[in-house]
Amino acid sequence: MTATVSPITPGAPEAPETGVSLSDYVPYRLATASAAVSRLIARAYEDRFGLTIPQWRLMSVLAEGALTPHAAVTRTAMDKVRVSRAAQDLVVRRLIARTTVRSDRRSHTLELTAAGRRLFAEIAPLALAYEATLLAGLAPHEVATFKRLLSHLETAAIQLAGGETITPP
């Protein structure tokens, strides 16, 4: 027997009785906006640098320092398989290195190589330029509010999922 969990909590606004209008449904709007931005950026990274979005995400978190694959899964919000494939492809291209942990030979870390750091340094300004262009119509306080609201939505989604992080498709 499967229990049905209602996301409606006491004091929360009631769901509309007429159904869902996708144009007003926030989860749909977030998904479509995210997909549109990802497609735009994916084209640029793929065409110019031969990188997929998962590879770019992995390189971005590794630019901040070496990580275990498990930590990379958490930091990139990607599933284990996606991180593993991105890492494997980047190792083959010699953009990241996989190093065995001395204290636990079964474990390893991932880190950018010198070539990976050079490529990241070339891509980062392009990524920031895309972000600036996407946000150009907003005032600085609106950007800050937008980022705060995104954090709030992410936290609320994690809490509704029982504390588990949810990886994007």
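Start by selecting Y45 and W56: both are buried (under 20% relative accessible area, with exposed being over 50% and partly exposed in between; 1.4 Å probe, protein chains only). For W56, the relative accessibility is 12%, so this residue counts as buried. Before you go on, keep in mind that this is a predicted model, where local features need pLDDT of at least 70, side-chain atom pairs count only at pLDDT 80 or more, and totals for chains, interfaces and linings use all residues. Numbering runs from 1 along each chain as its sequence is written, and side-chain values use heavy atoms, leaving out hydrogens and water.

Now show the rings. W56 and F120 make a stacked aromatic pair, 5.3 Å centre to centre with 15° between the planes (ring centres of Phe, Tyr or Trp, the latter by its six-membered ring, within 6.5 Å; stacked is under 30 degrees, edge-to-face over 60, tilted the rest). W56 sits in helix α2 and F120 in helix α5, so the pair ties together parts 64 residues apart in sequence. Helices here are DSSP runs (H or I, at least four residues), numbered from the N terminus.

Next, the charged side chains. The whole structure has two salt bridges (a Lys or Arg side-chain nitrogen within 4 Å of an Asp or Glu carboxyl oxygen). Pick E64 and R75, whose closest N and O atoms are 2.6 Å apart. E64 is exposed at 61% relative accessibility, while R75 is partly exposed at 42%.

Finish with E131 and K147, where the closest N and O atoms are 3.9 Å apart. E131 lies in helix α5 (residues 114–134) and K147 in helix α6 (residues 140–160), so this bridge ties together parts 16 residues apart in sequence.

Terms used
Helix = DSSP H or I, 4+ residues; strand = E, 2+ residues; numbered from the N terminus.
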